[in-house]
Amino acid sequence: MKNLDVVVVGGGPVGLWTACELRLGGLDVTVLERRTERVAQSRALTLHGRTIELFAMRGIAERFLAEGRPISNGHYAGLETRLDFSCFDTRFPFTLFLPQSRTEALIEDHARELGVDILRGHHVEYITGNTSDGYDLVARHAQGNSTFHARAVVGADARHSVVRQTAGISFDGHDATVSIMMGDVRIDGLEGPPVRMVTNEHGGVAIVPVAADGTVRVIMADPERMHVPVAQPLSLDELTTSTQRILGAGIRLSEPSWLTRFGDETRLAARYREGNLFIAGDAAHLHLPAGGQGMNVGLQDAMNLGWKLAAVLKSEAPDALLDSYEIERRPIGAQLARNTEAQGALMTRFDPAHLALRAEMSELLKMPEVNRRLAGVLSGFDLRYPAGGLFGNRMGSGERVPDHPVTLADGTSTTIHSLLADGRWLHLSSGNGTRITLPDWLSADSVRFVEASSGVPGADAPTALLARPDGYSAGHMTHAA
Ligand SMILES: Cc1cc2nc3c(=O)[nH]c(=O)nc-3n(C[C@H](O)[C@H](O)[C@H](O)COP(=O)(O)OP(=O)(O)OC[C@H]3O[C@@H](n4cnc5c(N)ncnc54)[C@H](O)[C@@H]3O)c2cc1C
């Protein structure tokens, strides 16, 4: 039997990123993935700017930027008015189109560089144990069964999560009520911008680029086909017929690399933790893929959980830190369910009342405040965790820390996110001896202390800043404070 600190069940993007963060935190971690090969289908195409910031905080954002295609705006419910991310203080005010298979491959490269053990072809069938004794996991593979022992288990094993079921966590919500067609295809007879969304009384269609070879994704909500079960295979003819009804008879679709349907099944786990069993990503939240959020939110779950679990298992933080994972992340899952349900209502009904509602919403979205609210939620840029608890009530606590440039005392130029690359806390001060009192449970050994000669950047002109390893503030001080 292999003894580990943590087993991550599921080697999709969320499991792999969780493992990276745990390894960066110094733990011995193994990923068990039932598939022998990575899923080749494009699936999640959209990486939001906040997720790219997470990669920047670990020094690997350039790898994604080098392969992806930046799209200067985003969408909410496919409304005609596009979401504008330029209002956020970020280096990445865009969405990056990159097939999920490539995102996973790049995360896996990072995981292997860090020393994460990834075992493919290992299907976890049983988990037994408890917090004090640890957990035994039995995985079936081509040669038989193997047992792994771990102090904690993270379930990034999506819809039918064995970890969630072992933990007895309910996954309430509803089954799919509509089915939407989707194909990665070549398209002829359509000129114009790379991203196209059209909605009329015949239905709604979105066309977005998938690959440099001209492959596009056609997403089609056809009221005449929305009753078809999600599991029923989709043919190119069926997708073509529906697309022509909306975009015109001159449209030709060919060379399908993936044809599928998806629905609006929506579920949220009642809890994210039971003892030292945790769930993240699709294991914790399922919803209509609208606005490009599921994987992004899952990666942000992973970023929140990783450093906390590492700190607690290394006895560097109290167990209560792990409760803050659910306190901080489950409301995001609830919000995700809410906004995708709302988008679903706008995207799958084509009667005059709903078309009028879309038109009104599209007008409202021209208002900067409305844009900021919706773009902030979908991208994660405006996410703010509640202050208090183990992190204290200091000014700015729970806010996202933007990636401002910093000149260090020795003259080196860097940025705040680069200073977080080792996965530790960051205490940045302006060199006048200002020191933020650390939370009483946090050892100075877990903190990187840095002095900036140029002052600490930030809207309130802070004199010192304390940032958590996941890039959220644990408070700042200003001259006035
Ligand atoms: C058409 C479509 C478009 C989408 N577009 C976007 C988008 O643009 N942006 C976005 O953010 N999201 C998007 N999503 C959602 C995104 O694909 C998912 O949210 C994402 O895959 C979740 O990642 P995960 O790691 O939690 O789960 P998964 O990617 O499903 O990975 C779970 C892994 O666990 C493994 N596993 C399961 N059970 C076991 C077991 N017992 N033992 C071992 N291994 C196990 C599985 O084999 C799988 O590899 C889209 C989804 C669809 C269907």
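**Close-up views: pockets, cavities and the ligand site**

**View 1. The second largest pocket, with a volume of about 420 Å³.** Of its 21 lining residues, Glu399, Arg400, Val401, Pro402 and Ala459 sit closest to the centre. Strand 26 (462-467) and strand 27 (473-478) are the elements that give two or more residues to this lining. By class, you get ten nonpolar, four polar and seven charged residues.

A quick word on terms. This is a predicted model, where local features need pLDDT of at least 70 and side-chain atom pairs count only at pLDDT 80 or more, while totals for chains, interfaces and linings use all residues. Residues are numbered from 1 along each chain as its sequence is written, and side-chain values use heavy atoms, with hydrogens and water left out. On a 1 Å grid over the protein atoms alone, a pocket is an open set of points with protein on both sides within 12 Å along at least five of seven lines; a cavity is a set where a 1.4 Å probe fits but cannot get out; lining residues have an atom within 4 Å of a point. Volume is the space filled by probe spheres set on the points, which are joined across faces, edges and corners. Helices (H or I, at least four residues) and strands (E, at least two) are DSSP runs, numbered from the N terminus.

**View 2. The largest cavity, holding about 40 Å³ of space.** Its lining is made up of Arg50, Leu54, Gln300, Met303, Asn304, Tyr385, Asp470 and Tyr472. Helix 2 (49-56) and helix 7 (294-313) are the elements giving two or more residues here, and helix 7 has the largest share, with three.

**View 3. The second largest cavity, with a volume of about 30 Å³.** Pro386, Ala387, Gly388, Phe391, Ser397, Gly398, Arg468 and Ser473 line this one. They split into three nonpolar, four polar and one charged.

View 4. Look for the polar contacts (N or O atoms within 3.5 Å): a backbone N or O atom of Met295 lies 2.8 Å from a ligand oxygen, and one of Val14 lies 3.1 Å from a ligand oxygen. The protein buries 89% of the 1,000 Å² that the ligand exposes when taken alone (Shrake-Rupley method, 1.4 Å probe).

Note on methods: Ala, Val, Leu, Ile, Met, Phe, Trp, Tyr, Cys and Pro count as nonpolar, Asp, Glu, Lys and Arg as charged, and the others, Gly among them, as polar. A polar contact is a pair of N or O atoms within 3.5 Å; within protein, one must be able to donate a hydrogen and the other to accept it, and residues adjacent in sequence count only if both atoms are side-chain atoms.
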